[in-house]
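Take a look at the sequence and the model below.

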Amino acid sequence: MPYRAPVADFRFLLDHVAGFDAVAATDRFSEATPDMTDAILTEAAKMCEAVLAPLNRAGDLHPAHLENGVVRTSPGFAEGYRAIAEGGWIGMSADPANGGMGLPMALTTAVNDMMSAACLALQLNPLMTQGQIEALEHHASDTLRDLYIPKLISGEWCGTMNLTEPQAGSDVGALRTKATDNGDGTYAITGQKIYISWADNDFTDNVCHLVLARLPDGVAGTKGISLFLVPKFIPDADGNPGKANDLRVVSLEHKLGLHGSPTAVMEYSGAVGWMVGPENGGMAAMFTMMNNARLGVGTQGIGVAEGAYQHALAYAQDRKQGKAGGTGSIIEHADVRRMLAEMKADTFAARAIAMMCACAIDMAAATDDAGWRARAAFLTPIAKAFGTDTGIKVASLGVQVHGGMGFIEETGAAQYLRDVRVTAIYEGTNGIQAMDLVARKLMDGGEAAKLLIEEIRAGAEAARASHADLAEAVWQAAEDLQETTDWLTAQDDLQQRFSGAVPYLAAFARVLGGHAHLAAAIHGDAGCARLATFYIKRLLPEVTGLLAHVREGSADLLAITPDDLAA
């Protein structure tokens with residue numbers, strides 16, 4: 001599956017949409033000059049196109065498998081991982097004091113997008129490690145940080161997160177894994193975890209698991225959970241992998257997609273672990289990793305959307321079918337043109353939102369400003385949910401563009417859809433992201449939402465002189481969004497909010513996408529303006545129906561009984 005990294009799109013978003021100029025103007029990220037940014041994007045693109053993209057199909061056809069208790073990875077994955085590690089791409093945003101580059105999250109997000117498009121199954125490995133590095137930077141003791149982070153950054157070791165258990169999925173507080181104090185600064189971890197991405201491999205020297213468990217006196221629910229670092233091999237006195245820990249991969253899941261990424265059931269039998277963060281503070285520490293991963297997973301969806309779009313575009317340009325003018329290829333048919341335009345427009349919108357979120361994270365890190373933190377927190381569930389929903393939608397349209405050949409595995413179109421489908425589920429389902437948005441993220445009375453909407457309206461006002469009709473449509477959608485936000489914040493009953501949470505998040509994403517496309521129409525070429533017109537006139541009107549759904553509240557929804565649904 002050939003892949004061309006959209007470097008020009010990233011440059012455009014950084015320069016004209018996401019606000020990267022403010023990031024580069026801070027003392028913390030002053031080295032992120034245009035020349036450096038260009039070099040990073042260009043080098044990452046070369047690796048993704050030449051090294052990772054050729055592995056995508058191999059991972060699907062030759063899945064990771066368990067052999068005598070050790071995971072054997074797909075052909076070429078070891079070499080691909082080495083290219084990622086040796087290029088320094090794992091520790092891009094990590095602290096330079098530990099060997100990281102200290103670069104903005106916006107650049108890490110762009111590189112993760114490219115790697116996801118090239119080979120999502122392999123990219124999931126360094127994504128998990130990036131999240132673990134951030135969690136350890138914020139919550140681990142100096143001893144743990146000094147030992148583990150440099151090796152995670154270098155790629156010698158890799159990291160995982162262990163939350164889910166058979167009886168404790170989204171309800172993490174129901175976990176049963178236990179931790180017992182060994183009296184020497186370590187803890188014995190006993191329990192079973194499921195759905196552990198990249199729980200083992202045959203190309204790193206160690207695998208470091210972050211495991212949620214409960215101490216004997218830990219209270220029920222999430223408030224009694226602690227976090228532990230549990231390595232596959234216990235480091236010796238020199239910091240090298242020593243004896244094997246008391247943990248094992250029980251089995252690998254047989255999945256719809258992502259066959260090259262081993263997803264394991266893990267058994268811990270008194271395994272030695274070290275506490276990360278305070279007792280009973282496990283969820284706060286783990287959320288650092290999860291929030292990092294949520295933007296990363298949203299970016300995975302966008303990357304797959306890009307790959308699926310390129311695959312469908314190439315097919316549509318080549319396939320001759322029916323009576324079509326111009327080239328005679330199916331790209332000349334109006335409905336195929338519609339699908340491709342929707343794929344491209346939505347991918348641009350989702351990528352813009354992810355980059356806005358990453359820049360807000362960078363500004364919060366550089367300034368320690370509460371406003372930037374609130375903006376980053378508000379955008380994170382939108383970036384995760386809309387990014388992954390877009391990946392699924394675009395991959396599905398990619399199958400449709402191929403027609404019957406899309407349903408045939410040999411064309412490769414179906415792999416994108418199978419691989420990306422899980423992204424709407426892991427790191428918090430998209431429904432949970434939406435519930436978080438309308439509940440926790442609106443606890444400020446809607447202030448963070450209001451500031452974003454005001455920014456969108458200001459952008460529309462500024463665009464009236466050159467793009468009056470597009471500007472008016474975006475301005476009106478933002479106005480309607482603000483009215484619905486005011487309605488939501490006035491609802492004390494959370495069921496009223498939750499019943500319309502998903503359409504509210506979708507509406508907010510649509511409006512943010514309109515804002516990004518309007519900026520593209522102003523600063524881009526004629527093609528950008530035409531794509532913006534398509535998005536704003538054909539996709540943005542969906543906001544009206546989505547907001548009507550939100551304001552309907554919960555009464556009619558909850559009036560539908562389980563018997564009604566079973567009838």
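## A helix pair

At roughly what angle do the axes of helix α10 and helix α12 cross? Helix α10 covers residues 370–402 and helix α12 covers residues 430–438. Their axes cross at roughly 150° and come within 9 Å. That makes α10 roughly antiparallel to α12, a label for angles over 145 degrees. The crossing of α10 past α12 is left-handed, meaning that the near helix is turned anticlockwise from the far one by less than a right angle. Axes here are lines fitted to C-alpha atoms, for helices over the stretch in contact, and angles run from 0 to 180 degrees between N-to-C directions. Helices are DSSP runs (H or I, at least four residues), numbered from the N terminus.

On the α10 side, the contact includes Phe-378, Pro-381, Ile-382 and Lys-384. On the α12 side, it involves Asn-430, Gln-433, Asp-436 and Leu-437. Contact means heavy atoms within 4.5 Å. The residues of this contact divide into five nonpolar, three polar and three charged.

## About the model

This is a predicted model, in which local features need pLDDT of at least 70, side-chain atom pairs count only at pLDDT 80 or more, and totals for chains, interfaces and linings use all residues. Residues are numbered from 1 along each chain as its sequence is written, and side-chain values use heavy atoms, with hydrogens and water left out.

## Ser-329

Ser-329 lies in the loop between α8 (282–318) and α9 (334–367). Ser-329 is buried, with a relative accessible area of 1%. Buried means under 20%, exposed over 50%, and partly exposed in between (1.4 Å probe, protein chains only). The Ser-329 side chain reaches the backbone oxygen of Gln-317 at 2.8 Å. Leaving aside neighbours within four places in sequence, Ser-329 is in contact with residues including Ala-316, Asp-318 and Ala-324.

His-467 sits in the loop between α13 (447–463) and α14. His-467 is buried, at 18% relative accessible area. Its side chain makes a polar contact of 2.8 Å with the side chain of Ser-466. A polar contact is a pair of N or O atoms within 3.5 Å; within protein, one must be able to donate a hydrogen and the other to accept it, and residues adjacent in sequence count only if both atoms are side-chain atoms. Beyond neighbours within four places in sequence, His-467 is in contact with Leu-518, Ala-521 and Ile-522.

Glu-472 belongs to helix α14 (residues 468–489). Glu-472 is partly exposed, with a relative accessible area of 34%. Its side chain makes a polar contact with that of Arg-464 (2.8 Å).

Key:
Helix = DSSP H or I, 4+ residues; strand = E, 2+ residues; numbered from the N terminus. Parallel < 35°, antiparallel > 145°, perpendicular 65-115°, else oblique. Nonpolar A, V, L, I, M, F, W, Y, C, P; charged D, E, K, R; others polar.
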